[in-house]
Amino acid sequence: MDIIKILQEELKIGYQQAEAAVKLIDEGNTIPFIARYRKEATGALDDEVLRNLDERLRYLRNLEEKKEQVISSIREQEKLTPELEAQIRAAMTQVAVEDLYRPYRPKRRTRAMIAKERGLEPLAELILLQMTKEPVEKLAEAYVSEEKGVGDSLEAIAGAKDILAEQISDNARYRTYIRKVTMEQGLIRSGAKDEEAQSVYEMYYNYEEPVKRCVGHRVLALNRGEKEKILTVKVEAPKEEILRYLEKQTIVRENPFTTPILKEVVCDSYDRLIAPAIEREVRSELTEKAEAGAIKVFGKNLEQLLMQPPIAGRVVLGWDPAFRTGCKLAVVDETGKVLETTVIYPTAPQNKVEASKEILKKLIHKYHISLISVGNGTASRESEMIIVELLKEIKEPVQYVIVNEAGASVYSASKLATEEFPSFDVGQRSAASIARRLQDPLAELVKIDPKSIGVGQYQHDMNQKNLSEALQGVVEDCVNKVGVDLNTASASLLEYISGITKAIAKNIVLYREENGAFTDRKQLLKVAKLGPKAYEQCAGFMRISGGKNPLDGTSVHPESYRAAEALLGKLGFSLEDITSRGLKELGRKIHDYKKLAAELNVGDMTLKDIVKELEKPARDPREEMPKPILRTDVLEMKDLTPGMILKGTVRNVIDFGAFVDIGVHQDGLVHISQISDKFIKHPMEAVSVGDIVEVKVLSVDMAKKRIALTMKL
């Protein structure tokens, strides 16, 4: 199997691109490093394509390994034929390999095995040949043996039928056909264990849909309902068609003595051995596809959330709302340092509104707070009302934002939060996190397990290993796209940098604490456990502001410094110009990139990247993303009327639509049919988490707390 060719065809890339990417991965290079600094080799494959390639590469290599194990096992049994070996080597999936291995796989004692031990295999072969000219009962008399446990001819025939049923079941070609026809023509049905009981699964109490049309979110909903013992779920195959197929394959000629027996054998083989296994496989395949789709959606949502633009240069008041225990506040300065924390009790049952306002006014005046970041959890609505009242009473220009606080409580109780704020309680830590995730969402959210951030669907029902790996990859890509300040980044941010492990990230922070700020990227080589390979992988993503070499403050990789310096010299600039006067016009001075790249001994893609970076050093890709909506007034659900047009922030995107925060504490749903005038297969084709969108209210259901919105204005 030519793995490179398969990758080329599946990913629709060039053969050399696939070959180069595989070679770089095998050499221990990370995906962010290959995507950013090895564009010439891969033909500029982006991180998404490279991650898909890496995933497929692992699957295909595991498949090859599995084939070798299977071939070796069959060879040891002395049953391997050249035809069988060729079939196994040509198989393209693990399922196909398992089908071919089935007849040779060591089994538990089956009815067919017992029948073979009793010497009934020759009788089974006679029945299968369909050549007999006398009743099978008469043939079976020769196999009756008290010693072997065959009491009479009926027992002998039953044993022979068991042997034949297993033979049919073990045929790889039959299974491939049955699996395909079940996927194409089968139905998935569900019912309620108790039809009187109310649950969120009521739409599935009497549900039926073709297997091939059952979309991912419905598959996951059915799985969860079944797991919670509310639903029964069944795949109904086109049984009559399958039996006709099996009979046609098995009964090659009509024989009054053997045909009825073989029809019974076919029916038993399908009902007892094939159907339950195929149903499990079909359900498993549906689940795998649904999980892969859900993981992709979760990853895309997470990427959009992490890449939300930071609100820099402002003192922020983090507000973790609550009722009985009070609202926890944390004042955080422009650098993310916590200046003060306190607790106020403006909500029920204390209702100390005026006393709380006085504390807030003093904090705003003392620290020049210009922004309040309010968590969207319990008591958020009540807190928002008080904030709006307060803003009308003060002269200072203060705005507020409702922040998705998903994961804040997980972080505040974590070991990391305890190390960061040893003297704070969980409420104070949570308030600080809510403030900081507005100042720099990426730096704060990397401290939380991505699964706890809550921008997915059915995340607790899927393969947790696959989910974790995919989300870790998303976080890694985001952190490396943005890059980090080597002298201020936390260990939890540094560990996502290309080539950096948790241990090395801690060692970088330790080196900083013991030796002061880094002034040169080369100092990284003095950090414990950070060798030349890790340095090559990480250096370009680490920035040093105000260091010895201005290039250390850019994403130009140290391996390209000589070329960057030669470029500047050729065009009449110096290194100091990078920070003192800026080089916005650099690109305009280059008339022939190919020629210049050859002179500088670099690839033209690398040269273009160097120029782009020098024109705008350490540019933040998040600047292009929509900024959060800053509010000064409040809207309640009862204020909404159909037809009202509002601006909102997309909070979550799922298979059937998008949830939009329109500032009323209850996110509204834009169903997929209301997202665009054009046909779209998935909401992600039109919207992403963090997008600022204009929506119109379609309907408001106060009792069920549901808001239906449309983007078709």
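Student: In this predicted model, which residue of β2 is the bridge partner of L187?

Tutor: The bridge partner of L187 in β2 is P210, and L187 lies in strand β1, which covers residues 187-192.

Student: What makes β1 and β2 a pair, and in which sense do they run?

Tutor: Two strands pair if at least two bridges are found between them; β1 and β2 share 5 bridges in the antiparallel sense, so they count as paired by that criterion.

Student: Why are β2 and β3 called edge strands?

Tutor: The open sheet has 3 strands in the order β2-β1-β3, with antiparallel pairing, and both β2 (206-210) and β3 (231-236) pair on one side only. Neighbouring strands of this sheet are turned by 15° against each other on average, with direction ignored.

Student: Which helix packs on the sheet, and which strands does that helix touch?

Tutor: Helix α15, residues 259-306, packs there and touches β1 and β3, its direction making about 110° with that of β3.

Student: Is the crossing left-handed or right-handed, and which residues make the contact?

Tutor: α1 passes α2 in a right-handed crossing, with I4, K5, L7 and Q8 of α1 meeting Y15, A18, E19 and V22 of α2. By class, this contact has 5 nonpolar, 1 polar and 2 charged residues.

Notes:
Residues are numbered from 1 along each chain as its sequence is written. This is a predicted model: local features need pLDDT of at least 70, side-chain atom pairs count only at pLDDT 80 or more; totals for chains, interfaces and linings use all residues. Side-chain values use heavy atoms; hydrogens and water are left out. A crossing is left-handed if the near helix is turned anticlockwise from the far one by less than a right angle, and right-handed if clockwise. Helices (H or I, at least four residues) and strands (E, at least two) are DSSP runs, numbered from the N terminus. Contact means heavy atoms within 4.5 Å. Ala, Val, Leu, Ile, Met, Phe, Trp, Tyr, Cys and Pro count as nonpolar, Asp, Glu, Lys and Arg as charged, and the others, Gly among them, as polar. Axes are lines fitted to C-alpha atoms, for helices over the stretch in contact, and angles run from 0 to 180 degrees between N-to-C directions.
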